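Hi,

Here is the structure I promised to pass on.

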Amino acid sequence: MTDQKHRRKAAQREPVEVTYAEELKTLAEADPGPVPPGWRLSPRAVEKFVMGDEALGIEPKFVADRAMVVRIIISLCTSRGSLLVGEPGTAKSWLSELLAAAISGTSTLTLQGGAISHIGQLLYTWNESILQSDGPGRKALVPSPLLRGMMEGRVVRFEEIARCPQTLQDALLSILSDRVAVIPELAGEDGVVLAREGFNVIATSNSVDTGVHQMSAALKRRMDFEEIRPIRSLSDEIAVVLREVTKANRRAGIDVELDRAIVEVLVTMFHELRNGQTLDGRSTDRLAGAALSTAEAVSVVHAASLNAWYYSGSDVTIEQLMQHLVGSALKDQPDDRRRLRHYFDTTIASRTGGAWEQVWALRSLIQ
Ligand SMILES: Nc1ncnc2c1ncn2[C@@H]1O[C@H](COP(=O)(O)OP(=O)(O)OP(=O)(O)O)[C@@H](O)[C@H]1O
Ligand SMILES: [Mg+2]
């Protein structure tokens, strides 16, 4: 039997606190404090975990305005929740994972707004067999991630909160303002769960597909909003894409060389088509059906890397990249093909240097 067959199957994606366990340990040891009640690290150490710290060897993980990150961290110290709103693929979920891991040591207490349709999923259900044998009691209670977060004093991630039905959003109100959940089936103290220090909610919501404006107004008042914008600087975005793809490739066990010049053309195209403006300031059509986010750029370059590795056994070519870019940019909007062609004809046609001429030579892919 080959080694391959014996190779232990690894998790496809580990939680942040596992991937960066060493960094979290380093930060805890070097932490100058003070640490808020119930937190693992001080706000300054949490900030370093997210933004990076060269002296301590902490990798930068999220590119954004530092002041905004500090605001979010501080709002998690208060008794208000934090809501990250923004376009798809701007790393809202990623930021919430990083913060939960650094503050509470776990990023896995997570609820998905769209998957919650009744109160049991939001708060608790019962273990039927214990319920039958012992009757209702704390032992028979199966707490949701939200209730566990309250009991254990940890940050709970609430993904796509606006997709959660309004009546259930309202059930969050007393939890956020009074920090208490009541279990009517249990008598006395057992029926009252008081949130421990360290509990808070960090929620995300996509500003494109589900309107945050439809969210319960009372709930909105109990959360601090922060708009997460796409990365503004092209060179920052290129650096993020290179770093993230290198990590994804390593996880996938593939070893291909990434040519900076071709990553640069891809990120530039995403940047321009997303902003509706070329780097030299001319306006261009935005695509209607594609997000063209940083996350999408990462997945296009990763797919091209896999293609290169499994099909040609060589480094990524511009053609492989373009093939995957077309799949990502042209989704269900027929007019987007015309818009992309127009962008090629008006912008790429006249570009020279880097890999631009090769991109132009591949224009038949979008005919
Ligand atoms: N500002 C940024 N800094 C670092 N990485 C970023 C940034 N923006 C995007 N990324 C990359 O994109 C990925 C973010 O995807 P994520 O799923 O967190 O986005 P999202 O905003 O939650 O999207 P959606 O609205 O579709 O849920 C990250 O893993 C990272 O690779
Ligand atoms: Mg998300």
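I call it a contact when heavy atoms are within 4.5 Å, and helices (H or I, at least four residues) and strands (E, at least two) are DSSP runs numbered from the N terminus. Bear in mind that this is a predicted model, where local features need pLDDT of at least 70, side-chain atom pairs count only at pLDDT 80 or more, and totals for chains, interfaces and linings use all residues. Residues are numbered from 1 along each chain as its sequence is written, chains are lettered from A and ligands numbered from 1 in the order in which they are written, and side-chain values use heavy atoms, with hydrogens and water left out.

Start with the helix pair. Val 263, Leu 266, Phe 270 and Arg 274 of helix 13 touch Thr 294, Glu 296, Ala 297, Val 300 and Val 301 of helix 14. By class, that contact has six nonpolar, one polar and two charged residues (Ala, Val, Leu, Ile, Met, Phe, Trp, Tyr, Cys and Pro count as nonpolar, Asp, Glu, Lys and Arg as charged, the others, Gly among them, as polar).

Then there's ligand 1. A nitrogen atom of the ligand is 2.8 Å from a polar backbone atom of Val 63, while oxygen atoms of ligand 1 lie 3.0 Å from a backbone N or O of Ala 91 and 2.9 Å from one of Trp 94.

The Gly 33 to Pro 34 peptide bond is cis, omega near -10°, and Pro 34 sits in the loop between helix 3 (21-30) and helix 4 (43-51). Glu 160, in the loop between strand 5 (155-159) and helix 10 (166-178), has a positive phi, near 45°. Most residues other than glycine have a negative phi, and most peptide bonds are trans.

Cheers

Note on methods:
A polar contact is a pair of N or O atoms within 3.5 Å; within protein, one must be able to donate a hydrogen and the other to accept it, and residues adjacent in sequence count only if both atoms are side-chain atoms.
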